[in-house]
Amino acid sequence: MSTTVKTEVGGMEHFHTNPELNYLTNGHSIRSWLLTEDHKRIAMLYLMSVTLFFFIGGLAAAGVRYELMSPAGNLMESETYNKLFTAHGTVMVFLFLLVAIPAVLGNFLIPLMIGARDLAFPRLNLLSWYLYMAAGTCIMLAMLAGGADTGWTFYTPYSSMYSNSNVSLTLLGVFLGGFSSITTGMNFVITIHKMRAPGMTWFRLPLFIWGHYATGVIMLLGTPVVAITLLCVIFERTFQLPIYSPELGGDPVLFQHMFWFYSHPAVYIMILPAFGVISEIMTAFSRKRVFGYHMIAFSSLAIAFLGFLVWGHHMFVSSQSMYQAVIFSLLTFLLAVPSAIKVWNWTATMYKGNVVLSSPMIYGIGFQGLFLVGGLTGPFLASAGNDVHLSATYFVVAHFHYVMVGGSIMGFLAGLHYWWPKMTGRLYNESIAKWNGILVFVGFNLTFFPQFIVGWMGMPRRYHYYYFAPEFTPYHILSTMGSSVLGVGFAVPAFYLLHSLFKGEKAGDNPWNAHGLEWATSSPPPTENFRYKVIVSDDVYDYDPVAEHENDMMAAGGKA
Amino acid sequence: MSHAAHGDEFNVLKFQYEDMDQQNDSYIVGMWTFLVTEVMFFGMLFLTYSFYRANYQNDWFKAHGELSWQLGGINTANLLFSSFLMATAVRQAQLKNRMGVLMRLGGVLACAFVFLGIKYVEYSEKYAHHLFPGPGFAPEVSHFQGANLDHVQLFFGLYFAMTGLHGVHVLVGILVIGALGMMWFKGKKIVTEDYIPTELVGLYWHFVDIVWIFLYPLFYLMPNPSAGSGGGSH
Amino acid sequence: MNWNLFNYPMNPPQASNFASEHDALFYAIVAQAVFFGLLTFALILWFAVKFKKGSKADRSSPQYENARMEFWWVLVPTVLGLATFFWSTKIFVDMRTPPKNAKEIFVVGKQWMWHVQHPDGVRENNTLHVPVDTDVKITMISQDVIHAFYIPAFRVQFMTVPGRYTQLWFRPTKVGRYHLFCNMYCGTQHSEMGGSVIVMPKREYADWIAQNGQVRENLTAAQTGEKLFNKIGCGNCHGANDLIPRGPSLRGIFGKSRETTDGRKWIADESYIREAIMRPAEKVTKGYGLTMPAYDKTFSEEDIMNLVAYIKSGASQSIPTSTIAAAMPGIQARDLAGKAGLNSNAMQFNSDRADATPTRRGSAPSVGALAVEKGDQQ
């Protein structure tokens, strides 16, 4: 189908599976799933588990939102509320956002896109899923045993010396999740370096791969730091080994430095893969080569690099020195530039294309709109002077939800809709999907835009009630109303995607008529990904908008 | 499963690779990448160490007197020697000299056990002196010449955290080297035909050695901060 | 500027010197964000319609790279970003640099209340009275976990960290009552940790101080510190001059350069003095041995603030004869902690005595560590 690939039959005969079978039908036993080393099956395992955790985290969020609808805080105890927002943050960040796009879409697509049979280390890949599940189990057990109440940031000395909740078990979960992330990152970086098919040069790589390469690097360099930092907090809680406790001469702010050294780049673990997804979708549905390929590729690397140098902007009002804060502020402003480049390049990609508004594109445009707001509210917080007022208010909450939910989750949904036919071989109901995309966009804005205003008015984050400040009420009511819409918007895809698995139309190998190696193999792909030897001879995104337009015109003229 | 389809016992090439070169390259890059994550892992602890040492140099100098630089020194020499043995084992693997590899791996294992033995002596001595941080921390006050005991505890906290983590790495090293030795002993083709697995284990062991080379001077050989610059330790 | 949504305000009141410059920057960034946000999203939607597959729009000579265009959209955000950076940094530096003659107020954060000490000796909880048009510098510390002292109407916020002082300052410009929040999650009752900032006309403030001062014997923080200084017997070693071999005189040392035995030089600011009381081993003054015990288990943060205030005021006491021989050389901190028990006494003492300012939320026991006063009364 695609012109991107030249094929040569032959080679690796002994790896060929039965041509009747694809990766889904190749083995039906539970064992064949739980002990699989196939990156595609592992991606499906991840998809099931992240969906589960997403809805658990979502339920916690719903609890938080409904509690805040009235200023009095009369739905639950403060302790319960604190545990709910901690559960929401911990589950969403460590069990969903950090994992969703890389471990599901990345796992599935990286070998397909570069023309490899699997990731470099399939067994490590399976191990990473088991580590992830162990992490999930620990965090869930901690929740069942009463939950932790520290917030997902685990600031010391509250988390280490004061909280009586199940912090250690939660931290152990996060620690294990960190190793899952490290193994995934290692696999990605080495696969992209070493496993590319002949002819797949660096600048023929899809931007999705560039995004995941940058993500992998961050996972490798950042995650070990937070892992050992959190381990130290566990030590401090269990053995009273002093590291951050001020009563023993330790420095609690050191924890914040260590934590944000990872957790700021971690934001890019969540968003860079989404950038990759959007790059693919914008070009495939504009039927036009992406504008400024090199610029987008390098901006991903620039973000990964600069992302490690800006952690201090989370600490403008903690006790770091003024000069330190000023430098972090400057670097943060510089970091805004590569993100801006990407958005404008995507916009320019649509110019003079043949835009097809299929459901992935609707989600993709939704991503652009939400990420724009998330990105453009960044400078408020990068300005040290403004951040003094806005730090840790709902303004920050709204900002990072626009980036994380509006960016990362919209990107995930866009990618899931785009590659769903490839992953399952089935088509979902396109018109429900489109309308749902719009519903999520509207619901999201309704939920989080009011939070900018209430944050700017001074509503602190993690407050259980605000009876003393009734002027915040209407914004919280709006936000809670929006969150109901958003909840529906997130639940509906679960139904129509699941429905498509059984009742969906057969998708064919390339329903979007897209270019790229993953579309050149069958849907769902066979276990060995390609039934022929892949040699790449053409450039990436080899669309021809002019010729396609002429064809369209001819077809239209013919009808008339 | 298809992965079993290549169950050719002489073929150590894995399903996902095109040829041995690609596979070996991936393994080597993989090992180095793993070591990078290890550097970041220990790096955080080293940073924490530097931060507190800069703040509490006097107390830490007094605390470090409790550690035996002789025992630490023996362990350093021991690990350095084991690293040397490891390097020669890799050479023997390249030469496909099975006995040579087995002898040297045995030597490395012996050194690793000696290392852990000495560590055990050191730890139990600290424990007996109530120097393990936490509720049981009750040091002999007179040993510390008026140093703030909280900072002494912080010193031992990091001492146990960092050398303990290193000890865990030595333990893992013993397991890995043991497994590698078993494979050589049984003459498995995956190790005898190709020196790369031996080299990978070697890389890991050198890393464990290097971490100790930083730990030893940082904990055992501190200069006296009151003695001005260049003051010796003992 | 005052905007409303259904008669609800959409922006916080402007009640300090920072509010207007902060808001100017804020609205400038809003303008940037709205401009670029609408422009970009409008372009995306417009392209999606105009270049919809099958539409008749001109698609000749499509471009895939355009260095000049990309240069511009690197340059524009960089320049705007840098301009915003310099503007915001100016405000930030201003916020972090308290003026010299600011009125100093001490604040201690603890789960879950704010304890405020005015220099005139008046204390209050969860409420902060300040005079209008006066520079106020808040020196803060936490007694347990990290909190953040946040007054939205003043646009100021800073964390209070256990173990070290942090500062913020402002000049209230409008009389009124404003929110005071703890804005760093600090445990179960985090939402409860707040109250009001009450900005009063200067004369009313003076009256308020005077009224409450009568209830309080009108001891300034420095005077309270002096009492404690004498009670503990600090003067046994820290005399009026440097003749006592055990310790240096503290007279007028504030702001001076001090050299420690390890050769390092320090400016004797609040943090230095606090450190030197709590962990003397770290900062032994050159020429002296380490005979002073560590007081970090003995004093509450209020005690230390009062001592710092006293030393800051010059520490020109008459050398007292101490009744408590707590300053015996060689004594260990841990032993002392049990003997003194100042904190628990103080808690009890203060809860017996209703705070002059009624706390706004609930009835948190007022705390303070004037164990000295208790001793005096007995």
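**View 1. Helix 3 of chain A is largely enclosed by the rest of the structure, because 18 of its 20 residues are buried.** "Buried" here takes 20 or more other C-beta atoms within 10 Å of a residue's own, while 12 or fewer makes it exposed and anything in between partly exposed, with C-beta atoms placed from the backbone. This is a predicted model, where local features need pLDDT of at least 70 and side-chain atom pairs count only at pLDDT 80 or more, though totals for chains, interfaces and linings use all residues. Residues are numbered from 1 along each chain as its sequence is written, and chains are lettered from A and ligands numbered from 1 in the order in which they are written. Helices (H or I, at least four residues) and strands (E, at least two) are DSSP runs, numbered from the N terminus. Helix 3 of chain A covers residues 78-97 and spans 27 Å from first C-alpha to last, close to the 28 Å expected at 1.5 Å a residue; that expected span is 1.5 Å times one less than the number of residues. There's a bend of about 25 degrees at V91(A), taken as the angle between axes fitted to the seven residues ending there and the seven starting there.

**View 2. Strands 8 and 9 of chain C make a hairpin.** Follow residues 147-151 of strand 8 of chain C: they run antiparallel to strand 9 of chain C, with 5 bridges joining the two. (Strands pair if DSSP finds at least two bridges between them.) One bridge links A148(C) with M159(C). Between the strands sit 4 residues, and R155(C) in the turn has a positive phi of about 60 degrees. Strand 9 of chain C (residues 156-160) is largely enclosed by the rest of the structure, because 5 of its 5 residues are buried.

**View 3. Here chain A meets chain C, with 76 residues of chain A in contact with 72 of chain C.** Contact means C-beta atoms, placed from the backbone, within 7 Å. Helix 11 of chain A (residues 322-350) gives the most to chain A's side, with 14 residues. That side has 46 nonpolar, 22 polar and 8 charged residues. Nonpolar covers Ala, Val, Leu, Ile, Met, Phe, Trp, Tyr, Cys and Pro; charged covers Asp, Glu, Lys and Arg; the others, Gly among them, are polar.

**View 4. Chain C also touches chain B, through 9 residues of chain C and 11 of chain B.** On chain C's side, those residues split into 3 nonpolar, 3 polar and 3 charged.

Terms used: Contact = placed C-beta atoms within 7 Å.
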